[in-house]
Amino acid sequence: MGSALFYHLTRSGPVQLLPMLIGKSLQAGWRVELRGRDRARQVALDERLWLGEGFLPHGLAGGAHDARQPVLLTVEGQAVGNTARCLIALEGAEVSGAECMALERACIVFDGNDPEALERARMQWRALKAAGVAAEYWSEAGGRWERKQ
């Protein structure tokens, strides 16, 4: 049974957090699905990940080699072809309780400075907790990532 980790961004954007989350997942031997809500934003994220520090092997879903991708960028409703064990959801992308239970981990990354994103994350928290998913809340408000109770 997997768990859901909620990452409340207040000082940085997801592009700064993703290398850490993806890196830890790959170190654990897990493939990753990086799910968004908008294809154009995923394409832009794909380009940004290639430009960042270090090497994060990844690809956009829908290609000929999806099954071989350690990190696959998808949009809601798109088939995941890389047998991901970790799901990282951005921009309020939906994550179900059943999905969490089938994964090692789900990471829900949200912008705490956006009231709509904050409310959507709260709704996801309540839905996943109601489905029996173990959930953790992480905040960077203090200047570094801290687990909150």
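Residues 24 or more positions apart account for 63% of the contacts (heavy atoms within 4.5 Å) in the protein chain with a separation of 6 or more. The model is a predicted one, in which local features need pLDDT of at least 70 and side-chain atom pairs count only at pLDDT 80 or more, while totals for chains, interfaces and linings use all residues. Residues are numbered from 1 along each chain as its sequence is written, and side-chain values use heavy atoms, with hydrogens and water left out.

Two pockets are described here, a pocket being an open set of points on a 1 Å grid over the protein atoms alone, where a 1.4 Å probe fits, with protein on both sides within 12 Å along at least five of seven lines; lining residues have an atom within 4 Å of a point. Volume is the space filled by probe spheres set on the points, which are joined across faces, edges and corners.

| Pocket | Volume |
|---|---|
| Largest pocket | about 580 Å³ |
| Second largest pocket | about 170 Å³ |

Of the 27 residues that line the largest pocket, Pro14, Arg41, Leu90, Glu91 and Gly92 are the closest to its centre. The second largest pocket has among its lining residues Tyr7, Met20, Lys24, Glu136, Trp138 and Trp145.
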